[in-house]
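Open the model in your viewer and keep the selection tool at hand.

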Amino acid sequence: MLETTTVHTTQRPIIVLGAGIIGLTTAVRILESPLYHQHHHPVHIIADHLPNDPLDPKYASTIAGAHHLSFADDDDERQRRWDRRTFQVMYDEWRADGEATGLMVLKQTELFVGNSRHLKIYEEHPGFTVVDQSSLPSAIDYSVSFTSLTMTPITYLNRLIKRINQLSDGNVSIHRHHLHSLSDLSHPSVQAMIGSRAIPLAVVVCTGLGSLTLGGVEDKTVFPTRGQVVKIKAPWVRSGYTRQIGGLNGGEGGERTYVIPRADGEVILGGTREEGDWMPYPREETTRDILSRVVEICPELVPKHLLAPALERKQDNAIEDLTRTSGSNRKDAATMSSAHSPSPLDSLIVENLVGFRPSRQNGTRLERGPNLVLSSKEEVASESAVVVYNYGHGGAGWQSCWGTAEDAMALLDKSLS
Ligand SMILES: Cc1cc2nc3c(=O)[nH]c(=O)nc-3n(C[C@H](O)[C@H](O)[C@H](O)COP(=O)(O)OP(=O)(O)OC[C@H]3O[C@@H](n4cnc5c(N)ncnc54)[C@H](O)[C@@H]3O)c2cc1C
């Protein structure tokens, strides 16, 4: 629904489309920029979904794990730079304000099956170590550990909104609105909503998966990569684990199982990566598969009073053998053996979640687009708005958000100066 206001300003606004982790970090960097400090252009954030809404698979930022675990290939300097920068910014935030930020610093262990190579970027993390081979379980070929970060999405997103309000001294408005097309930015009802008849100076498009259908963008190379996770309450788990079966293939390839503890005591267990799958509800067989996989890599998930039945079942299913078989075969086998069997973690489940990662064939789109020519009802001449795209982060939006926000701001600055 449109918010109407009678106060109209003549200064050209800057519009940020989207209020996920990408839109909100981009808005923060705009508000901190010399451009904003010199000219005080009103900034408006327009989004369909806002952080305190009921969870929706299409709003990836609120469903995400989320941890900082880069997939950046050794020769992908762009992605490495974004991920590195984001780690620095978040680590500093955590150092300054602790877990109230929604961030948790923890020891992350990466377990590899069928692959004995870690990404070079892990070596840049504090505490990087190659785990002694003799201490590894037989099903694991190679392992590294290092210090990393996890995020509690709603806490972090709400803090960003608070920061946006503080930085702007009330000069930013957040509007819940579904924009059908970029050209609607000069529609009278949108102008009434933002309280300005002036044509926007710039539009930063941070619409994630919405970039597939948003008129004027309609990027057909954007697609959902479905992820299903289980959220449990297990505050005793304070370390992160990921098992990677097969190579990443320069992106997010292979099969990943992960345990992501959050600062609030909840732990996210995952996961799946189902390209082009729009199924918005959890699948029970997937939940069973995840619950059996995570216990293999993190037995401490199961509290003492639930331990005995867990071990019995582990023997019955001979789960360790399954880790030796590859990808889909393994999944079929796991599904067959445990499709409906109870898990020792069942009583800890808070909820099962599904989200669509905003994937894009050629990776994140971070570039300036052609200017958007707009004319309002009263204007005879049309004016153009600078357009910057910042979407399509796939499964890496949280761990690259500050790096991409800073690049988007730099593009905006260059385009307007
Ligand atoms: C299960 C799962 C686990 C994940 N784990 C991790 C992880 O551990 N680490 C990591 O880095 N990433 C992870 N991700 C990926 C991460 O969540 C995404 O990359 C990130 O959230 C993308 O952010 P975004 O702001 O681009 O998109 P979204 O969060 O989807 O936000 C898009 C915004 O645009 C708005 N919008 C879209 N279209 C329109 C329109 N037409 N009009 C108005 N508003 C519109 C939406 O309402 C929303 O506000 C995970 C994702 C999933 C699903």
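Start with the shell around the ligand. Select helix 1 (21-31), strand 2 (43-47), helix 3 (60-63), strand 8 (222-233), strand 13 (349-360) and helix 11 (397-416); each gives the shell at least two residues. Helices (H or I, at least four residues) and strands (E, at least two) are DSSP runs numbered from the N terminus.

This is a predicted model: local features need pLDDT of at least 70, side-chain atom pairs count only at pLDDT 80 or more, and totals for chains, interfaces and linings use all residues. Residues are numbered from 1 along each chain as its sequence is written.

Now show the ligand's neighbours. There are 41, and the closest are G20, G208, G210, G355 and G397. A residue counts as near if its C-beta atom, placed from the backbone, lies within 6 Å.

Next, colour by domain. Domain 1 (14-57 + 155-221 + 361-416) and domain 2 (103-151 + 225-358) each contribute at least three residues to the shell. The bounds come from an automatic or database domain assignment.

Select helix 11. Where does helix 11 bend? At G403, by about 35°. That is the angle between axes fitted to the seven residues ending there and the seven starting there. Of its 20 residues, 15 are buried, so helix 11 is largely enclosed by the rest of the structure. Buried means 20 or more other C-beta atoms, placed from the backbone, within 10 Å of the residue's own.

Finish by colouring on pLDDT, the predictor's confidence in each residue, from 0 to 100. The protein chain averages 90. Residues 1-8 stay under 50, and residues 315-337 also stay under 50.

Definitions and conventions:
A residue is buried if 20 or more other C-beta atoms lie within 10 Å of its own, exposed if 12 or fewer, and partly exposed in between; C-beta atoms are placed from the backbone. Two residues are in contact if their C-beta atoms, placed from the backbone, lie within 7 Å.
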